[in-house]
Amino acid sequence: QVDLVEFGGGLVQAGGSLRLSCAATGHFFNTGTLGWFRQAPGKEREFVAAISWSDSRTSYAESVKGRFTISKNNAENTVYVYLQMNSLVTEDTAVYSCAASGILYKTTAWDSTDFRSWGQGTQVTVSS
């Protein structure tokens, strides 16, 4: 069981930057991948980015490639997963959640059903 807590959301103007953080604690024995998802009002939850546990291989949704960067840092009892978001646009407004998956690699697109543990989410609002 992995517990996840996100922080760092807020209000930012279009074109600006924001960094989200996720603190993951618990038992990582079966953790293969950590990821970020987002859900805008009235829309389905969508994949944003993922990073593999073992070699930090990353993958991104097409809509954020070149603008967002996912990274992680292993501390003593906590793993921190970051999402650096640059060149933000109003369409990036959503609740962002981090998640943990037991899947190590995937050749097809990630979706929410691949992830078993979720944080509570943090609001990101991009104003025009």
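**Entry 1: disulfide**

I counted disulfides, taking a pair of cysteine sulfur atoms within 2.5 Å as the criterion, and the count comes to one. The model is predicted, so I noted the limits: local features need pLDDT of at least 70, side-chain atom pairs count only at pLDDT 80 or more, and totals for chains, interfaces and linings use all residues. Residues are numbered from 1 along each chain as its sequence is written, and side-chain values use heavy atoms, with hydrogens and water left out.

The disulfide joins Cys22 and Cys98, with 2.0 Å between their sulfur atoms. I looked up the torsion about the S-S bond of Cys22 and Cys98; it is about 55°, so the disulfide is right-handed. Cys22 lies in strand 3 and Cys98 in strand 9, so parts that are 76 residues apart in sequence are tied together. Strands here are DSSP runs of E with at least two residues, helices are runs of H or I with at least four, and both are numbered from the N terminus.

I then checked burial (buried is under 20% relative accessible area, exposed over 50%, partly exposed in between, with a 1.4 Å probe and protein chains only). Cys22 is buried at a relative accessible area of 0%. Cys98 also counts as buried, at 2% relative accessibility.

**Entry 2: Ser117**

Which residues does Ser117 touch, not counting residues up to four places away in sequence? I used heavy atoms within 4.5 Å as contact and found Gln1, Val2, Leu4, Cys98, Ala99 and Ala100. Ser117 sits in strand 10 (residues 115–118) and is buried, with a relative accessible area of 4%.

I traced an open sheet of four strands, in the order 1-3-8-7, with antiparallel pairing. Two strands pair if DSSP finds at least two bridges between them. Strand 1 (2–7) and strand 7 are at the edges with a single partner strand each, so one side of each has no neighbour in the sheet. From one strand to the next the twist averages 20°; axes are lines fitted to C-alpha atoms, for helices over the stretch in contact, and angles run from 0 to 180 degrees between N-to-C directions.

Strand 1 and strand 3 (residues 18–26) run antiparallel and are joined by six bridges. Leu4 is opposite Ala24 in strand 3.

**Entry 3: salt bridges**

I searched the whole structure for salt bridges (a side-chain nitrogen of Lys or Arg within 4 Å of a carboxyl oxygen of Asp or Glu). The search finds six.

Asp92 pairs with Arg38, with 2.9 Å between the closest N and O atoms. Asp92 is in the loop between strand 8 (79–85) and strand 9 (94–101), while Arg38 is in strand 4 (residues 33–39), 54 residues apart. Both are buried.

Arg67 also forms a salt bridge with Asp92, the closest N and O atoms being 2.7 Å apart. Arg67 lies in the loop between strand 6 (58–60) and strand 7 (68–74), and Asp92 in the loop between strand 8 and strand 9, so the pair ties together parts 25 residues apart in sequence. I noted both Arg67 and Asp92 as buried. A network of salt bridges links Arg38, Glu46, Arg67 and Asp92.

I also looked up Glu62 and Lys65, which form a salt bridge with 2.8 Å between the closest N and O atoms. Glu62 is exposed at a relative accessible area of 62%, and Lys65 is partly exposed at 44%.
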